[in-house]
Number of protein chains: 2
Amino acid sequence: MRFEQIMGVTLKELATKLALSPTTVSRALNGYPEVNAQTRQRVLDAARAANYHPNMRAKSLATGQSRAIGHVIPISTSHEIVNPIFADFIAGAGENYSRAGYDMVLSVVPDADEEATYRNLVARGSVDGLMVHGPLLQDSRIALLQGLGIPFMVHGRSSGVNTPYSWLDINNRRSFCRATEFLLDLGHTRIALVNGLESMDFAMRRRSGYLDALHAAGIAPDPMLMRSSEMTEPYGHKAGRELLALPQPPTAFLASSMIVAYGLRRALTDAGLKLGRDVSVIAHDDDLSYMPNGLDVPQFTATCSSVRAAGRKAAEMLLTLVGNPDHPPLTHLMETQLVLGYSTGRNRT
Amino acid sequence: MRFEQIMGVTLKELATKLALSPTTVSRALNGYPEVNAQTRQRVLDAARAANYHPNMRAKSLATGQSRAIGHVIPISTSHEIVNPIFADFIAGAGENYSRAGYDMVLSVVPDADEEATYRNLVARGSVDGLMVHGPLLQDSRIALLQGLGIPFMVHGRSSGVNTPYSWLDINNRRSFCRATEFLLDLGHTRIALVNGLESMDFAMRRRSGYLDALHAAGIAPDPMLMRSSEMTEPYGHKAGRELLALPQPPTAFLASSMIVAYGLRRALTDAGLKLGRDVSVIAHDDDLSYMPNGLDVPQFTATCSSVRAAGRKAAEMLLTLVGNPDHPPLTHLMETQLVLGYSTGRNRT
DNA sequence: TCGGTTTTTCAAACCGCTTTGGGTGATCAA
DNA sequence: TTGATCACCCAAAGCGGTTTGAAAAACCGA
């Protein structure tokens, strides 16, 4: 034991100091009924005075619970991008974990090792529950975790997985459908979709929504207007330039993230177009703290949904699953808000 | 014990299966010399066959080490921004942790509770070491952790703290000094600094570097040209607009982050200025995976330093500190690279 | 062959907490 | 007074590993 000087008193020491048995002290501290009110108070006071903190490792071992939730962040070996929404989601989830007295353990692993990581975390008993990030189409992790029998939540969903599982997602499809409808209402018919990687489930759903709206309006989708890649500013810029260079350029654009919208805006204004007048843009806004949609008034018309709030909610749900492991799967679908900004207007071409 | 079905065999079971004592099995698995080579092999084979994974909680309790590193992310209650470089730093650090068999435990806490969080983490024995993020001027956390006697690393430094401690930082001062010198060489004399919050240590150092260069060139700094705030795109935009509206607008700009540079660029191009020709911009580029400086060629002239690499290195250093707790403080100063992009050019005013 | 090493193995204590299965004394109804 | 009932407390046995101290086995030279 290396840090004994700082690791504080043990329960046993506290017990001898109080002339009580460890049993009673433990019970007093954990709120069990079979202990005298006065005794309990005495114990609580002494614990506070001695600055007693139970050793989590020992507690874990004895109870069989680790009071920790695992988050596994896959780092794709091909395109090494760390999902930027991750930080805000974590922040939201973390709030609820710490409130409930849970730790969060993070594993950053190349996607090849992901399965082994999950197995390890569970087998070593390091976590009581798991959060799954960035689900792909037909994500194999879901079946894996169901096999391991540990409570878990998916942030997003995985099309193609048909067994029930717990998830929290935004209504990407409806969201992009509405945004597209809104642009159609404004008279736009050539609408571009500047999407994220379509191996990601959310991107696929957004495309579906976009296609739904076009279809309902009797407009045949033009493959030239649909782009998909890792969401960065330069990508948005490049997509914008290339789309404008088409023989029949689009008059409106859907951007799958704020940062893509930044790049898109640059391409459009570089071409001398004014957003909202000459061309329309709707962005999806995850409400990331460091990427606000304007300072006070929203710059972009946007489909808004706070990732931070999603993290909070997902954590809350996961904790109830951990609390009652036999609980049936919990799901939660969040609608986005379509908020009007200065980036959309009637089609005047 | 809730997950016994998945928690696999215990060492004791493995031992009886092998007709050996737990002692021997433990030693064989942990590579102690006092065990016959054949026996060791037999044990290793059996362990693999039985899919044995030692229970970390038990191991922790017995050894007094948790094999986990804590990262505490402060969420300022006033301006609730999650540091965007955090995700990439974590990704880098996580690589080294998992390679070394360490877990990473994350605590997201409002800055008011920060001290209590550190105390708890240590007292409960949840971590063997701590990483401190986002140091402020005279950051009180350093003294706190030194008092607690646990190994820790600071990502960045804290001016005003004079006791030695372990840190990894980039040479912010030199970096911004060089960038300023470069702009001076190009004939710019009115150079704006669009900085981060100057309660943050890094921002203060960048300003020092900027001032150093101006001073060496005999140019009196103009307070109107120095801005400081939370680093977002709208902030960059606003700063750019306001700076251009000055009676004597600057001809060059230093931006403390890529995203600020995005906003700055927008303000400048909106004003009809072309970067590199009419006006110059140098950005600091943390090489965040989702915020690249251009697709193939760098757009902005930038002071570059990979936060991901910093995370890797900091983790490595922290792990050696954890390995030998009596090791004197470890420090590492990384220089940035000044990379030429298309955003700088001779002053033609 | 034998005492002395060296190698290999083991029984048992321990890490700090929880929890089972009694005890003890007080209270109460009969 | 007595047996039953409670309220309260405790000793001891875990949880799943590591580690100490000692014993057994194998090896060695004389």
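Trainee: What should I know before reading the values?

Mentor: This is a predicted model, in which local features need pLDDT of at least 70 and side-chain atom pairs count only at pLDDT 80 or more, while totals for chains, interfaces and linings use all residues. Residues are numbered from 1 along each chain as its sequence is written, chains are lettered from A and ligands numbered from 1 in the order in which they are written, and side-chain values use heavy atoms, with hydrogens and water left out.

Trainee: Into which domains is chain A divided?

Mentor: Domain bounds come from an automatic or database domain assignment. In chain A they give domain 1 (11-54), domain 2 (68-170 + 308-334) and domain 3 (172-306). The centres of domain 2 and domain 3 of chain A, taken over C-alpha atoms, are 29 Å apart.

Trainee: How many residues of domain 2 of chain A are in contact with domain 3 of chain A?

Mentor: Contact means heavy atoms within 4.5 Å. By that rule, 18 residues of domain 2 of chain A touch 19 residues of domain 3 of chain A.

Trainee: What area do domain 2 and domain 3 of chain A bury between them?

Mentor: The size of an interface is often given as the accessible area lost when the parts come together. Buried area here uses a 1.4 Å probe and is summed over both parts. For domain 2 and domain 3 of chain A the value is about 1,500 Å², with 52% of it on carbon and sulfur atoms. On the domain 2 side, Asp88(A), Leu137(A) and Ile170(A) supply 34% of the area buried against domain 3 of chain A, more than any other three residues.

Trainee: Which elements of domain 2 of chain A give two or more residues to the side that touches domain 3 of chain A?

Mentor: Helices (H or I, at least four residues) and strands (E, at least two) are DSSP runs, numbered from the N terminus. The elements in question are helix 5 (85-99), strand 5 (167-170) and helix 12 (307-323) of chain A. Helix 12 of chain A gives the largest share, three residues.

Trainee: How many residues of chain B are in contact with chain A?

Mentor: Between the chains, 66 residues of chain B meet 64 residues of chain A. Chain B and chain A bury about 5,900 Å² between them, and 62% of that lies on carbon and sulfur atoms.

Trainee: In which sense do strand 2 of chain A and strand 2 of chain B pair, parallel or antiparallel?

Mentor: Two strands pair if DSSP finds at least two bridges between them. Strand 2 (residues 103-110) of chain A and strand 2 of chain B pair in the antiparallel sense over three bridges. The bridge partner of Val105(A) is Val105(B).

Trainee: How many salt bridges are there between chain B and chain A?

Mentor: Side chains of opposite charge can pair when their charged atoms come close. A salt bridge is a side-chain nitrogen of Lys or Arg within 4 Å of a carboxyl oxygen of Asp or Glu. The count between chain B and chain A is four. One joins Arg124(B) to Asp103(A) at 3.2 Å, N to O. Another joins Arg265(A) and Glu233(B) at 2.8 Å, N to O. That pair crosses from helix 11 (residues 258-270) of chain A to helix 10 of chain B.

Trainee: How many salt bridges are there between domain 2 and domain 3 of chain A, and how many over all chains?

Mentor: Between domain 2 and domain 3 of chain A the count is zero, and over all chains it is 36. Among the 36 is the pair of Arg190(A) and Asp222(A), at 3.0 Å, N to O. Arg190(A) and Asp222(A) are 32 residues apart and link distant parts of the chain.

Terms used: Buried area is the accessible area (1.4 Å probe) that two parts lose on being put together, summed over both.
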